[in-house]
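Subject: Handover of a structure

Dear colleague,

Please find below the structure that I am handing over to you.

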Amino acid sequence: MDKRTIIQYLEERASDFYTLSDKIWENAEIRFQEEQSAQDYADFLKAEGFTTTVGIAGLKTAFRAEWGSGKPVIGFLGEYDALPGLSQKAGISVKEPLTTGGNGHGCGHNLLGVGALMGAVGFKHYLETNGKTGTVVFFGCPAEEGGSGKTFMAREGCFDRLDAAFSWHPDSHNMLPPGPVLANNVVRYSFTGKASHAAAAPEAGRSALDALELMNIGVQFLREHIPSTSRVHYAITDTGGISPNIVQAYASALYQMRAPYAPELADLYERVNNIAKGAAMMTDTQVEIKLLKGTSNTVLIPALDEVMYNNMCEIQNPVAQAEDIEFAREIVKTQTPADKISENAFNLAPLPWNKAGNIPIPGSSDTGDVSWVCPLSQCATSTWPIGTAAHSWQAVACGKSDFAHKGMLYAGQIIAATAIDVCEYPEIIETAWKQLREKTGNHPYRCPIPSEVTPKLLESETT
């Protein structure tokens with residue numbers, strides 16, 4: 001049985017996977033709360049013959065499902081967390097939530113997880129039918145959105161046995177990443193001052209809110225003097241109260257910093273910390289700096305990416321039907337000015353592969369941490385129209401569409417075919433590990449989440 005047979009096998013079974021994806025979409029659960037979603041996966045995998053363990057790495061909604069034995073040990077990374085506040089009815093091109101204030105799959109993780117699952121099931125079927133040795137490990141990875149589930153899993157050694165790992169992401173294009181996603185830190189800055197009557201004794205007070213505002217101003221000026229590929233975002237989470245006649249004794253903010261590579265991020269983190277300390281000195285207050293979590297940049301592995309890209313080009317990519325195109329054009333109109341709308345609603349042909357991998361992607365993902373532990377390759381496939389923003393109601397509206405299903409199937413077929421190739425040609429894995437060691441300077445993985453930070457603590461600190 002060759003790759004073409006497995007590609008056909010997944011197409012024949014597509015409806016089983018579409019049903020699971022739609023079920024995850026309908027039961028949209030946010031980070032650390034994906035209990036039903038994890039159970040739905042576990043039930044599906046058990047029926048496929050996998051041995052499944054739910055609740056790993058201190059994450060109650062993370063799981064591992066395993067089949068087979070021996071080398072190679074290939075990992076498949078699935079996600080299934082939704083986003084808060086993005087509830088939206090499927091298949092309509094106007095904003096209309098299913099539940100006011102409810103959750104929605106605005107990043108397509110209902111598709112992502114099931115597409116990776118298709119890759120795992122396809123690879124298992126190949127090994128089983130051909131009587132080959134190999135271990136298939138599907139990882140249920142929760143809380144990618146703001147929870148860094150895979151980073152906790154990497155910290156606990158979940159991926160240490162893998163020879164290689166594969167995943168993908170829904171997108172508006174069929175492509176491989178042109179460069180790494182950004183490393184990032186999430187930090188809480190808490191200022192403590194001294195309360196006093198703002199009119200009768202202002203001289204006795206020390207305003208924590210003043211300190212926080214000065215910090216924010218300092219960071220605004222910093223932006224001009226950092227690399228254009230770096231990012232700093234913040235949210236004030238506590239202003240110290242609602243009474244202007246009290247000098248606020250407490251104020252805090254969450255900051256998120258991003259940079260293409262860990263050393264750049266470390267420099268940016270130190271500079272923002274110095275601004276916070278300076279603001280505290282100016283206001284005679286105290287500041288507590290607490291690094292809550294982080295994720296690493298992705299390490300791109302050309303040896304694996306080339307195999308994945310070749311499979312992307314060889315496998316028949318989805319074809320949009322008339323009803324898909326009509327719905328897509330209506331969705332595009334809600335996001336794009338009329339004079340900017342492309343004649344093509346979908347991107348169908350794979351984009352050229354940027355072999356240099358030197359164009360940073362302005363976002364972050366905990367897949368970066370997996371890529372420091374073992375060689376990782378991932379692709380993106382078209383599941384929503386060109387111009388659709390992730391983390392939008394429009395992306396949610398597309399999540400159960402026929403075209404989204406086809407894009408997920410395409411991704412699953414690409415992943416399965418790539419896993420088969422690295423199984424058939426062990427030298428690919430050898431080269432991939434050599435490239436990983438070269439790119440990381442042969443340094444062991446260092447988790448960016450401090451050891452004292454637990455998933456439970458992170459959930460309470462960042463909510």
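This is a predicted model: local features need pLDDT of at least 70, side-chain atom pairs count only at pLDDT 80 or more; totals for chains, interfaces and linings use all residues.

Residues are numbered from 1 along each chain as its sequence is written, and side-chain values use heavy atoms, with hydrogens and water left out.

The six-stranded sheet

Six strands form an open sheet with mixed pairing, in the order β1-β2-β4-β3-β5-β10. Strands (E, at least two residues) and helices (H or I, at least four residues) are DSSP runs, numbered from the N terminus, and two strands pair if DSSP finds at least two bridges between them. Because β1 (51-56) and β10 (376-382) stand at the edges with a single partner strand each, one side of each has no neighbour in the sheet. On average, neighbouring strands here are turned by 20° against each other, direction ignored. Such angles run from 0 to 180 degrees between N-to-C directions, and the axes are lines fitted to C-alpha atoms, for helices over the stretch in contact.

Strand β3 (residues 73-79) pairs with strand β5 (residues 164-171) in the parallel sense over three bridges. Gly75 has Ala165 of β5 as its bridge partner, and Phe76 has Phe166. Strand β5 also runs parallel to β10, to which seven bridges join it; there, Asp171 stands opposite Ser382 of β10.

How well covered are the residues of β5? Six of its eight residues are buried, where buried means under 20% relative accessible area, exposed means over 50%, and partly exposed lies in between (1.4 Å probe, protein chains only). In β10, seven of the seven residues are buried, so this strand is largely enclosed by the rest of the structure. Leu376, Gln378, Ala380 and Ser382 point one way from β10, whereas Ser377, Cys379 and Thr381 point the other way.

Helix α4 (residues 109-130) lies across β2 (59-69), β3, β4 (134-141) and β5, and runs at about 155° to β3. Helix α9 (residues 302-314) lies across β5 and β10, at about 30° to β10. Contact means heavy atoms within 4.5 Å.

The four-stranded sheet

Another open sheet has four strands in the order β7-β8-β6-β9, with antiparallel pairing. Its edge strands are β7 (231-238) and β9 (286-295), each of which pairs on one side only. Seven bridges join β7 to strand β8 (residues 250-259), and the two run antiparallel. Within this pair, His233 stands opposite Gln256 of β8.

Helix α7 (residues 208-222) lies across β6 (183-192), β7 and β8, running at about 20° to β8. Helix α8 (residues 262-283) lies across β6, β7, β8 and β9, at about 10° to β6.

The surface patch

Which residues make the nonpolar surface patch? Leu214, Ile217, Phe221 and Met282 make it, with an area of about 430 Å². Patches are made of residues with over 30% relative accessible area and no salt bridge; like charges are joined within 9 Å, and nonpolar side chains (Val, Leu, Ile, Met, Phe, Trp, Tyr) within 5 Å. A salt bridge is a side-chain nitrogen of Lys or Arg within 4 Å of a carboxyl oxygen of Asp or Glu. Accessible areas come from the Shrake-Rupley method with a 1.4 Å probe, and for residues only the protein chains shown count as cover. Helix α7 gives the most to the patch, with three residues. Leu214 has its place in helix α7 and is partly exposed, with a relative accessible area of 31%.
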